[in-house]
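Please read this note with the sequence and the model open side by side.

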Amino acid sequence: MATGTTMTSNTASNMAGDTLLKVEHLSMKFGGLMAINDFSFEARRGDITALIGPNGAGKTTVFNCITGFYKPTMGMITMRQKNGEEHLLERLPDFDITKKAKVARTFQNIRLFSGLTVLENLLVAQHNVLMKASGFTILGLLGLPAYRTAAADAIEKARYWLEKADLIDRADDPAGDLSYGAQRRLEIARAMCTGPELLCLDEPAAGLNPKESLTLNALLRGIRDEGTSLLLIEHDMSVVMEISDHVVVLEYGQKISDGTPDHVKNDPKVIAAYLGVEDDEVEEIEEKLDKGVIEEGTV
Amino acid sequence: MTTQLEKNEPGLMAKAVKEGVFAGLIAFGMFLLFVGIETYQDINNQLVWRTRWGLLAIFVAIAAIGRFLTVGFIKPHLDSRKLAKAKSGVLEISDQKSFFHKHFLKIALLFLVCYPFLAMLIFGRQGSLKYVDNFGIQILIYVMLAWGLNIVVGLAGLLDLGYVAFYAVGAYSYALLSANFGFSFWLLLPLAGILAGFWGIILGFPVLRLRGDYLAIVTLAFGEIIRLVLINWTDVTRGTFGISGIAKASFFGIWSFDVGAANNFNKAWGLPSSSVYYKIFLFYVILALCLLTAYVTIRLRRMPIGRAWEALREDEIACRSLGINTVMTKLTAFATGAMFGGFAGSFFAARQGFVSPESFVFLESAVILAIVVLGGMGSLTGIAIAAVVMVGGTELLREMEFLKHVFGPDFTPELYRMLLFGLAMIIVMLFKPRGFVGSREPTAFLKERKAVSGSFTKEGHG
């Protein structure tokens, strides 16, 4: 199955701005409930793409489909890597999506290894690299130097991300001992240690105070500038409007708007979705705004 | 501080008396029928009853006075000590560790290496047999089993109630292959481990998609299946009769411990004929096997696979989000644990010279699991201490002859071992809910190695 999912395209373009993740006609059905209905969007390389929408719109479901925790009922999710390799994410098992397709994620309710230290959390994230270096444990058990250098490199990589996430002083403390904001940053640092090309963040700013939000923004921008694209779900509009390059709005499992933050901010459908205007009123507003001026996403 | 206590004194005494009387009343109600009344058969085989008011009074008095003393004196005393400590500003953590505490592992290892000779020196050649065999070897077998199960339960967080199945696979592998093909112990020891590990994988494939309670039940069933197969497949296993006359282990093929053999160990070294030398040899074999288990566990914990096991215990979903193949990780944990169970099993068969399904009942699994939990999941030192307490404790009960003077001549302390077992476990879990060693050693560090408190680690969900 793995061979069928990998297609190497000849035109390996490393340019920023090309399509990294392409979601086409994604649908997810839970029993009789259509959680996502024919949802399509693209995330470009080097962008911070935000997925927003009211509660229950299906944002996390989209995330779980992309990262393999759900198998979508219909649709195709294509991940195109820097080296031109393409993976169809809906066909990969969840761990291979991180391992092979290089898509990492964080969770809405933080999922750290609370009994392991901060450093160990980051080392677990480098599992696949270290497994290979240790000859799938057998060579490592014999104490060969190749594994020792790999282990030292892994600690260096962890140190780098600890410094980025401002956690270097807490490196030897249990992850469960960190404050909420620090746990959020650690989860992001841990995901980055898997070496992803696309990082999916599920509400990274939830529960953070304004100051912590600002440091988070800086961290996310830093990650983007190093060449990892981001896809994030967020409720905090100050974060979304501040850092994202591209915003997709979801309501009742359907896309209602897609564009730059400014475009989305002024989209009457988005305003209606968030403020709860009646449907006929939406039409009224649309008429007033002169239909042709605002390009709406496909509904 | 003392003035404060004195101020509380009158109210405290009244409270202590009240609680004492109350405890006495409860004890009276509880023990009235159990202790106060005894039934027995008289000479005509009729069931009659008599009262034991004296004994009941003792029970009630112990409860009442004990409660009175606890509330009135012991608790205030402990509180005042705690307060004094808090005032002096000395935290318990910052206390200097004693020499014994710091070098505990080295001292323990040195003691174990010298143990058989110490026993021989003190109790003589035949007298030491009991101490080397019943205490030494018996405890070390359980240490090894518990360390093996620790990989599955303590590190990977998979609750395995059928661990004894792998022990049985190891024991029967040795018994059958040595009886039918005449292979030696040193060839069959690794083979038994590999076979048990293989069974671990076979069991693991269908089972490891289950979690928590469901996994526990299926592993329990697997343990029973293996035992029932051993009982009913009489052509091969000879059923409940078991397999006897299993070959002894040899000294790496150089010397034999068989009495009739030409290269008999005792003859070659000019020693008087006694089975104690074989037992001492076995003691060192199982000690070496235990050390191997500990070494592999310690090394594996610092490898990516060991970290993945612990991460799996903490959060399986997060593991999958980091690209860890959880099925393979669980399987390796299961197979590694099973392999050590198989080693221990083949050693058990060689030591016993006899195996039967009787040795592999569910109770064994429960005892091994209890040792792991009591010791503190994941901690090798804690588990070793727990094995000494649990297995050594039961052996020690056989020695408690003086209890007969207290409870009468027909009192057999061994029969109460399960009762005492349960009591000991409840007490330990009350005072040390995370086991003897609740904290966990991190596998890597940047600046200093700080133990992780047990309150952060999770037990795993299967």
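The points below go through chain A and then chain B.

1. This is a predicted model: local features need pLDDT of at least 70, side-chain atom pairs count only at pLDDT 80 or more, and totals for chains, interfaces and linings use all residues. Residues are numbered from 1 along each chain as its sequence is written, while chains are lettered from A and ligands numbered from 1 in the order in which they are written.

2. In chain A, six strands make an open sheet with mixed pairing, in the order 7-8-9-4-10-11. Strand 7 (103-105) and strand 11 (254-259) of chain A are at the edges with a single partner strand each, so one side of each has no neighbour in the sheet. Strands are DSSP runs of E, at least two residues, and helices runs of H or I, at least four, numbered from the N terminus; two strands pair if DSSP finds at least two bridges between them.

3. Strand 4 (residues 48-52) and strand 10 (residues 246-251) of chain A pair in the parallel sense over four bridges. Within this part of the sheet, Ile52(A) has Val249(A) of strand 10 as its bridge partner.

4. Chain B has 17 helices and four strands. Of its 462 residues, 39% count as buried (20 or more other C-beta atoms within 10 Å of the residue's own; exposed means 12 or fewer, partly exposed in between, with C-beta atoms placed from the backbone).

5. Asn264(B) sits in the loop between strand 3 (243-244) and helix 9 (265-268) of chain B. Asn264(B) is partly exposed because 16 other C-beta atoms lie within 10 Å.
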